[in-house]
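This briefing concerns one protein chain and the packing of selected side chains. Please consult the sequence and the structure shown here alongside the text.

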Amino acid sequence: MKAFLVKHLKIIITFIVALIFSIIVFAVVGGFHFVSTKETMKDLCDAFSIPGFLLAGFGILVFISNDGGFSMLSYSIKRIFAVFKKDPKMEDFYEYKKRKVENPSPFKHYLIIGGMFFLIGMIFLIIFSLLK
């Protein structure tokens, strides 16, 4: 059991954060004040779709970043801030990009949990649209 938790720790933490965010969104849209079943389904759709969309979008941005989509921007920002240090030595862009490609950031857990929450939100949207 401990090996399972250690192996899937990123997914578990991402799921818990998304669930807490869903509860917060549900509270903000007034979901805990029951008005009607249709209104509750709309609130549940919002509560699951928003965190799902944000997590999936963040996962896509990390994927693009791993592929080198933001390398020039991040290198130039680091280069600007290196001017203010005592020792402004910095690696050149080729070495920086090579180092970044060798150590990609994980992103699959964001896509899995984000897609799952977004799918649950879409199910609540279908239920909402079928209610009278």
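The structure is a predicted model. Its largest nonpolar core comprises 12 residues, and the largest share of that core, 6 residues, comes from α3.

**Nonpolar core**
- The members of the largest core are Ala18, Val25, Phe26, Met41, Leu44, Cys45, Ala47, Phe48, Leu55, Ile113, Phe117 and Phe124.
- At least two residues of this core are supplied by each of α2 (9-28), α3 and α6.
- Helix α3 spans residues 37-66, and helix α6 covers residues 108-130.
- Ala18 belongs to the core and is in contact with Pro51, Leu55, Ile113 and Phe117, neighbours within four places in sequence being left aside.
- In soluble globular proteins, nonpolar side chains tend to be buried together.

**His109**
- His109 is located in helix α6.
- His109 counts as buried because its relative accessibility is 9%, and buried means under 20%.
- Apart from neighbours within four places in sequence, the contacts of His109 are with Lys10, Ile11 and Thr14.

**Ile64**
- Ile64 is part of helix α3.
- Ile64 has a relative accessibility of 34% and therefore counts as partly exposed, a class lying between the 20% and 50% cut-offs.
- Ile64 touches Gly69 and Phe70, if residues up to four places away in sequence are not counted.
- A C-alpha separation of 10.0 Å is found between Ile64 and Phe107, which are 43 residues apart along the chain.

Note on methods:
Residues numbered from 1 in each chain as written. Predicted model: local features only at pLDDT ≥ 70, side-chain atom pairs only at ≥ 80, totals over all residues. Heavy atoms only, no water. Helix = DSSP H or I, 4+ residues; strand = E, 2+ residues; numbered from the N terminus. Buried < 20%, exposed > 50% of the residue type's maximum accessible area, 1.4 Å probe, protein only. Contact = heavy atoms within 4.5 Å. Core = buried A, V, L, I, M, F, W, Y, C linked by side-chain atoms within 4.5 Å.
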